[in-house]
Amino acid sequence: KMKFGCLGDPVNLAARLESLCKTYGVRILCSSETRSACSPSQGLEWRELDCVQVKGKSKPTTVHELLGGNGSHVIGLPGNGPHHAPAHLLCLAREYGIALRAYQQ
């Protein structure tokens, strides 16, 4: 009988990001490295969510949510309106009160 498994830094990071999905209330999270490995021709739509420090990594990792692809973009997704990008930048600058008001517009 043989057992197979995956080991290594990418697998560890994927497991850490998967556990963050519940925290962020999303279905799919990935790192910037994974996002950049996807071809633009795939038509995937993303939004940057945060920069997190995961256990086992010495540098923070930027995380992205997969919104959809090939026309299946989720319209009306909370926080995905025209105010998302400016509000997100305010969060990164730790201007949380102003960011909250921007998200609520």
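Guide: Start with pairing. Two strands count as paired if DSSP finds at least two bridges between them. This model is predicted. Here three strands form an open sheet, in the order β1-β3-β2. Their pairing is antiparallel.

Visitor: Which strands stand at the edges?

Guide: β1 and β2 (44-52) do. Each has a single partner strand, so one side of each is left without a neighbour in the sheet.

Visitor: By how many degrees are neighbouring strands turned against each other?

Guide: On average by 35°, direction ignored.

Visitor: How many bridges join β2 and β3?

Guide: Eight, in the antiparallel sense.

Visitor: Now the pockets. How much space lies in the largest pocket?

Guide: About 290 Å³. Next, read its lining. A lining residue has an atom within 4 Å of a pocket point. In this model 16 residues line the largest pocket. P10, L13, S31, E33 and T34 lie nearest its centre.

Visitor: Which elements give two or more residues to that lining?

Guide: α1 (9-24), β1 (29-31), α2 (32-37) and β3 (61-69). The largest share, six residues, comes from α1.

Visitor: What is the lining of the largest pocket like by class?

Guide: Seven residues are nonpolar, five are polar and four are charged.

Notes. Residues are numbered from 1 along each chain as its sequence is written. This is a predicted model: local features need pLDDT of at least 70, side-chain atom pairs count only at pLDDT 80 or more; totals for chains, interfaces and linings use all residues. Side-chain values use heavy atoms; hydrogens and water are left out. On a 1 Å grid over the protein atoms alone, a cavity is a set of points where a 1.4 Å probe fits but cannot get out, and a pocket is an open set with protein on both sides within 12 Å along at least five of seven lines; lining residues have an atom within 4 Å of a point. Grid points are joined across faces, edges and corners, and a volume is the space filled by probe spheres set on the points. Helices (H or I, at least four residues) and strands (E, at least two) are DSSP runs, numbered from the N terminus. Ala, Val, Leu, Ile, Met, Phe, Trp, Tyr, Cys and Pro count as nonpolar, Asp, Glu, Lys and Arg as charged, and the others, Gly among them, as polar. Axes are lines fitted to C-alpha atoms, for helices over the stretch in contact, and angles run from 0 to 180 degrees between N-to-C directions.
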